[in-house]
Every structure is written in structure tokens, then in C-alpha cells.
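Reader: I'm new to this. Could you pick one part of the model and walk me through it slowly, piece by piece?

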Amino acid sequence: MGVPTTMTLRDGKAAECEAVIARFRRTYRRRLRRLATRNERLGDLITSFPAAAFAIATEFGARGHRHRATDLAIEGASLKAIAKACRVPFWMRKLPPEAFIALLPDDLPANEAFGQRVIGQMPDDVADVGGWLQGVLAAERVAGEAVAEWVAKIPGVGRGGANTAPVELLALFAWVSVEKPAMAAKLLPGRWNDRMSIGRAADLTLDWVTAIQSELVMGDAGLRDTWLAGGRAAGYRFVPITTLSELQAEAKAMDNCVASYAPQLIAGQCRLFGIRRGARRIATLEVRPHPYHDGIPSIVQLLASENCEAPQHVWAAAFTWLGKQGRYELPGENDGAASSVDLSTWQQLWRPYWRQKGSFALIPEQAGPQTIANLVRAAHDLSRRANR
């Protein structure tokens, strides 16, 4: 590659170029100014094709591609030739400087027809364009062009800025809806389509993540930490409720709402026990950490069938059972400690996606409680954005 000649832009062009550079995020302005002072035509590139100039200035892609694009710009080649050299799709020429709030991802969607369609959906408010572009590119990477085009039409999608996790989760929900991999699709509360409102899609995605969370923590293996041991007292058995099937069976037999308690159990907010006499279900007991004494259990509910108050002798048996526990090791009231994740279930959920598209930050190949917390956070963030 030839060494470009250093030169100063003429006053009029310098002012025009500086005005454009000032519209980029502050993080990148110094690099763009450095590019502009190398050669007058590189300054022209900043004003005529901000995406290509941004790619060169921020060292996007392979070094050889950037150098070739730089040479072509200095030689006065066409913008299409420069775009091709630096691997920036030509449809991105229409993006304003405000669109570039983060480094470009490695694989930009090159389909010009797709690009023209999404550009037609670009927000009028330039303050939203950067987040909008990040969301569209994230959706295309996760789920393909059809989902990205739908995301491009969502009002306010750009308000999330560079945080694309909620859009990535939304796109993953759409991909599973379309591709229907067995386990992940089985947990869907409803399927995405491109006529769906963002509010409806966000609600379904949140419900889906809750179902995934329940399956991972309360699937066949069940909760590993029941806080208290099951046992017997005063002729009653106290049985920990640890799996989704047990939770649903308790709710059906006792005609109560404990089937909805899965998120609270998973988050470490409470534990449930069924009270039995022989094969007969007598009552359902809920334990939470004591609000004033860390590590001490507190019985917050003890209800018979149809949420009727349990008789006093059942309460007496419950306190006797608690007294037999010995040492208590409950989390503090606000610890919110999630239970362990079943890694084999996690991998079974996402293996079809990984085979076709590869893993990404929200669904890595190794998972723990923090991985689930990230999914839940993204789902709630999506729900908040959708309902603004």
C-alpha cells in the first residue's frame, strides 16, 4: 500500500468535515479527524459515506481490506468500489453519523435489497438511529433478515442504545417460533409472526423465559436446595415440593395457586412443602426467610384445600417439624439466591440453534445462575421498552 500524503483540508471543506465528525459519538471523533487530515479525499469520504469512513477509522475488518479501501478513496474511486473493498454494504451509505454508536460487528448483512428495505424504516429522530441500527444488526445476526425487517419497524426500538440483549432475546424467540427446535419450542406460550405487535411479542418472550427458567431449575432434577429437610411430626409427613410436576400436582389436588410459585422458588424467595397423612394431602406450607433474623425460617402460609386455614393441630405439627431441623441455613431475606442450573437441559435447549447459528452472549454453551439472570433481565428490559 502506498503511503498517503498528509495534507490539510481547504477551509470550506474542513468546516464541513468537522461538522460531520461532530455528529459522531465522541469516542470516535479523534480517529476520524486523524483520517481526515491524511488526505483531502478521505475527508470527503467522511461527509459522503460516513459508514465507510467509520469502518476505516475504527479498523473494521481485515487490515488489507482497509488499506485497499483507503487507497481507492485517495485515488478518487467510486463509493461502491470503496464499500466493496472495506466490506461495508453499500446500503449503509444512507446512514447518518449518529448511527455509529458502537464498533461494527464482523458480519454485516450484505443483501442490498434487505438493506434498502430496512433503511426505509429508519427513525426520523437521529437520536434513535444508533440504537435502531444496533437492534436491526443484532436481530439479523440472531434470527435472519425477516426478523430484522420486523424489528426495524418497531417504534422506539432505538431507545435501547448499544444494549442489544433485549432485541437479541426477542429475535431468539422469533427464531425458535419459526424453526421449532423440539425442546425450546415446547416451552413457547405462543409463536411469533411478522404481524405481531411488539407488546404481544414482549409478553410472550417474558412468559417463555419464565418457562425456560422453570424447566432449567425445576425440571426433572428439581430444586437442589430445599433449605429444610422433609420429615415427620405428630403423624404428618412434610414433603419438599421441588419439581414443576410436583408443583402442578399440589395445585390441582389442593385447588390453590401454588403452580404460579415457580419464579419465586427459582429466585430463592421461598420454599414449599406438602403436608400428608398417609396418601392424603392435608395442607400446603410456605416458608420464607425471617424478615428480621437472617437464616431463620418463617412460616408465612399454611393452608388446607381451597386456601382454607389449616387446623391448629396441623400448625402445631409444623412447628414441631421445624424444631427437629436443628441448624438452619436459609438465605437472608434479600439474597435472592437462584438454584443451580441443569446444564444438560440447557444444552439440549440450545443445541439446535448452536448447530445452525453458533452461540452468543445470551446463550453461551456453559451456563450458571448468572446466565439465567441475564436472560430474565433482558426479558424484563424488553417488556419495559415495549410498554413505554
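**A sheet and its surroundings**

Author: Start with helix α15 (residues 312-323), which lies across β1, β2, β3, β4 and β5 and runs at about 150° to β5. Those names are DSSP runs numbered from the N terminus: helices are H or I with at least four residues, and strands are E with at least two. Angles run from 0 to 180 degrees between N-to-C directions, along lines fitted to C-alpha atoms, for helices over the stretch in contact. Contact means heavy atoms within 4.5 Å.

Two notes on the source. This is a predicted model, where local features need pLDDT of at least 70 and side-chain atom pairs count only at pLDDT 80 or more, while totals for chains, interfaces and linings use all residues. Residues are numbered from 1 along each chain as its sequence is written, and side-chain values use heavy atoms, with hydrogens and water left out.

Now the sheet. It is open, with five strands in the order β1-β2-β3-β4-β5 and antiparallel pairing. Two strands count as paired if DSSP finds at least two bridges between them. β1 and β5 (297-303) are the edges, so to speak: each pairs on one side only. Across this sheet, neighbouring strands are turned by 30° against each other on average, direction ignored.

Walk along from β1. Strand β1 (residues 231-233) joins strand β2 (residues 236-240) through three bridges, in the antiparallel sense. In that pair, G231 faces F238 of β2. Two residues sit between the strands of this hairpin, and A234 there takes a positive phi near 55°.

Step on to β3. Strand β3 (residues 271-277) runs antiparallel to β2, and four bridges join them. One arginine faces another here: R237 stands opposite R276 in β3.

Next is β4. Seven bridges link β3 with strand β4 (residues 280-289), again antiparallel. G274 has T284 of β4 as its bridge partner. Helix α13 (residues 244-254) packs on the sheet too. Helix α13 touches β2, β3, β4 and β5, and its direction makes about 125° with that of β4.

T284 is buried, at 6% relative accessible area. Buried means under 20% relative accessible area, exposed means over 50%, and partly exposed is in between (1.4 Å probe, protein chains only). The T284 side chain makes a polar contact of 2.6 Å with the side chain of E250. A polar contact is a pair of N or O atoms within 3.5 Å; within protein, one must be able to donate a hydrogen and the other to accept it, and residues adjacent in sequence count only if both atoms are side-chain atoms. Setting aside neighbours within four places in sequence, T284 is in contact with E250, M254, N256, V258, F273, Q301, L302 and L303.

Six bridges pair β4 with β5 in the antiparallel sense. Here L285 stands opposite L302 in β5. Five of the seven residues of β5 are buried, so β5 is largely enclosed by the rest of the structure.

Now the cores. A nonpolar core is a set of buried Ala, Val, Leu, Ile, Met, Phe, Trp, Tyr and Cys residues joined through side-chain atoms within 4.5 Å. The largest has 110 residues, and I46, M92, F100, W208 and W350 touch the most other members. Helix α12 (residues 198-218) gives the most to this core, with 11 residues. L302 belongs elsewhere: a second, separate core of 20 residues includes L302, A317, L322 and L330.

Stay with α12 for a moment. T205 has its place in this helix. T205 is buried, at 1% relative accessible area. Not counting residues up to four places away in sequence, T205 touches L169, L170, F173 and L382.

Finish with I46. With residues up to four places away in sequence left out, I46 touches C17, V20, I21, F24, L32, L35, A36 and A53. Now turn to helix α2 (residues 26-38), where Y28, R29, L32, L35 and A36 are buried. These residues cover an arc of only 130° around the axis, which puts them on the same side of α2. The arc is that of the directions from the helix axis to the C-beta atoms.
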